Amino acid sequence: MKTTAIFASANQNGSTALLLNTFLDALSHRADDSVTIFEPYKMTPQPCMGCGACSEADICIHDDLDRLWSAVAESSLLVIASPVYFRGLPSPLKAVIDRTQRHYMAKLRGDSPLCAAEREAVVLLAAGTNMEDGETAARELHHALTALGVVRTRVIVAGGTNYHPVTPEKLAEIRAAAAELRCLK
């Protein structure tokens, strides 16, 4: 199984990293399995300019995310791990989300290469305050994931990470989600 992961935290050792690493470690890694990780904080994606170039053809005036889109097209699983800031997603990830406009327009035209194959997504969110904040942030992703050919999404929110470490129960839930996906391969 090919997996594309988007790690949307600047903190390489924080709660979001723990969520992603726990999930990826729990996936079986057969010889033909691969995981490609993209980090928006290191990629510095350009924002959508609203120029409309993607309205007529599957193009974007920026090519900085082409490698990401190619990886997603080849993947059967997309994993997004992100912190939640003030009930929203961090700006580098938001730029990636906004840039799915290209794929949303292609889907509307019926010529989306990303919708040619269905994929699943797992969204792992570290919310500093409460679960509700994570659920609000997850709603931001809905249309973007649809534009990327995602047909089933599992959202796991670890709340209260400003006050305590991620709980063992939450880590067990993440491992269980990975095990469930292993069974579906």
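In this predicted model, the second largest cavity is lined by Glu 120, Ala 121, Val 122, Arg 152, Thr 153, Arg 154, Ala 177, Glu 180 and Leu 181. Strand 4 (119–127), strand 5 (150–159) and helix 8 (168–184) are the elements that each give two or more residues to this lining. Sorted by class, the lining holds 4 nonpolar, 1 polar and 4 charged residues. The space inside this second largest cavity is about 50 Å³.

A search of the whole structure finds 3 cavities of 30 Å³ or more. The lining of the largest cavity is made up of 13 nonpolar residues and 1 polar residue, with no charged residue.

The largest pocket contains about 230 Å³ of space. It is lined by 18 residues, and Pro 83, Tyr 85, Ala 126, Thr 161 and Asn 162 lie nearest the centre of this pocket. Helix 1 (15–26), strand 3 and strand 4 are the elements that supply two or more residues to the lining of the largest pocket. Among these elements, helix 1 gives the most, with 3 residues. By class, the lining of the largest pocket counts 7 nonpolar, 9 polar and 2 charged residues.

| Space | Volume | Lining by class |
|---|---|---|
| Second largest cavity | about 50 Å³ | 4 nonpolar, 1 polar, 4 charged residues |
| Largest pocket | about 230 Å³ | 7 nonpolar, 9 polar, 2 charged residues |

The last topic is the surface. Tyr 41, Tyr 85 and Phe 86 make a nonpolar surface patch of about 400 Å². Tyr 85 is also one of the residues nearest the centre of the largest pocket. Phe 86 sits in the loop between strand 3 and helix 4. Phe 86 counts as exposed because its relative accessible area is 87%, and the cut-off for exposed is over 50%.

Notes. Residues numbered from 1 in each chain as written. Predicted model: local features only at pLDDT ≥ 70, side-chain atom pairs only at ≥ 80, totals over all residues. Heavy atoms only, no water. 1 Å grid on protein atoms, 1.4 Å probe; cavity = no way out; pocket = protein on both sides within 12 Å on 5 of 7 lines; lining within 4 Å. Points joined across faces, edges and corners; volume = space filled by probe spheres on them. Nonpolar A, V, L, I, M, F, W, Y, C, P; charged D, E, K, R; others polar. Helix = DSSP H or I, 4+ residues; strand = E, 2+ residues; numbered from the N terminus. Patch = residues over 30% accessible without salt bridge, like charges linked within 9 Å, V, L, I, M, F, W, Y side chains within 5 Å. Areas by Shrake-Rupley, 256 points an atom, 1.4 Å probe, with all protein chains shown as cover. Salt bridge = Lys/Arg side-chain N within 4 Å of Asp/Glu carboxyl O. Buried < 20%, exposed > 50% of the residue type's maximum accessible area, 1.4 Å probe, protein only.
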